[in-house]
Amino acid sequence: MIIDVSQILKSFGESKELSGSIELGEKKASGAAPVFTSLDFCGTVTNIGGPLELKLNVSGKYDVLCSRCAKEIQESFADSFSEILVSTEAEDITDRDDAVIFSGNTVDLTEIIMSNVLLSLPSTFLCKEDCKGLCPKCGTDLNEKSCDCIDDVDPRWEALKNFVIRDSE
Ligand SMILES: [Zn+2]
Ligand SMILES: [Zn+2]
């Protein structure tokens, strides 16, 4: 989504309300990367004396595969962030390496929102907190049933079976 900031650029303190939805493709979750099914935002962009300050609340839903058992799951999220936007025509452009640079009178919100949202998401996704995952040997979904491999314990770990942690009383 491209927004026109020409009016805001004209005077200090000028502000504009923003709200809308990001257009999303019809994609299915197929790998580790989340696929967004909805992404809404609202906030403001304000002229703070040259640069613009963008403040946004973003919320949405995404499909992703569980990092352990690869089951498709739906997750939702809500986040807020702010960014400083600097025009390529600004003189002090090199002083601001953390700012988002834009040229002309338009700012691409989609790009800014997507990069912030991706940073705020967790790096692993679980269908449930205690997902047991798939057996690394036979691929059985250990949430649904157990397999014979489970008893196939490495002899080096065998000793741990008899190991009991005692309360220090
Ligand atoms: Zn899972
Ligand atoms: Zn197995």
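The legends below describe close-up views of one predicted model. In this model, local features require pLDDT of at least 70 and side-chain atom pairs count only at pLDDT 80 or more, while totals for chains, interfaces and linings use all residues. Residues are numbered from 1 along each chain as its sequence is written, and chains are lettered from A and ligands numbered from 1 in the order in which they are written.

View 1. Helices (H or I, at least four residues) and strands (E, at least two) are DSSP runs numbered from the N terminus, and along the sequence they follow the pattern β-α-β-β-β-β-β-β-α-α. Of contacts (C-beta atoms, placed from the backbone, within 7 Å) between residues at least 6 apart in sequence, 53% join residues at least 24 apart.

**View 2. Strand 3 against strand 4.** Strand 3 (residues 35–47) pairs with strand 4 in the antiparallel sense over 12 bridges, where pairing requires that DSSP finds at least two bridges between the strands. S38 has K61 of strand 4 as its bridge partner. The two strands form a hairpin with four residues between them, and G49 in the turn has a positive phi of about 95°.

**View 3. Strand 4 against strand 5.** Strand 5 (residues 72–87) and strand 4 are antiparallel and share 14 bridges, with L65 standing opposite E72 of strand 5. Six residues lie between the strands of this hairpin, in which A70 takes a positive phi near 65°.

Technical notes: Two residues are in contact if their C-beta atoms, placed from the backbone, lie within 7 Å.
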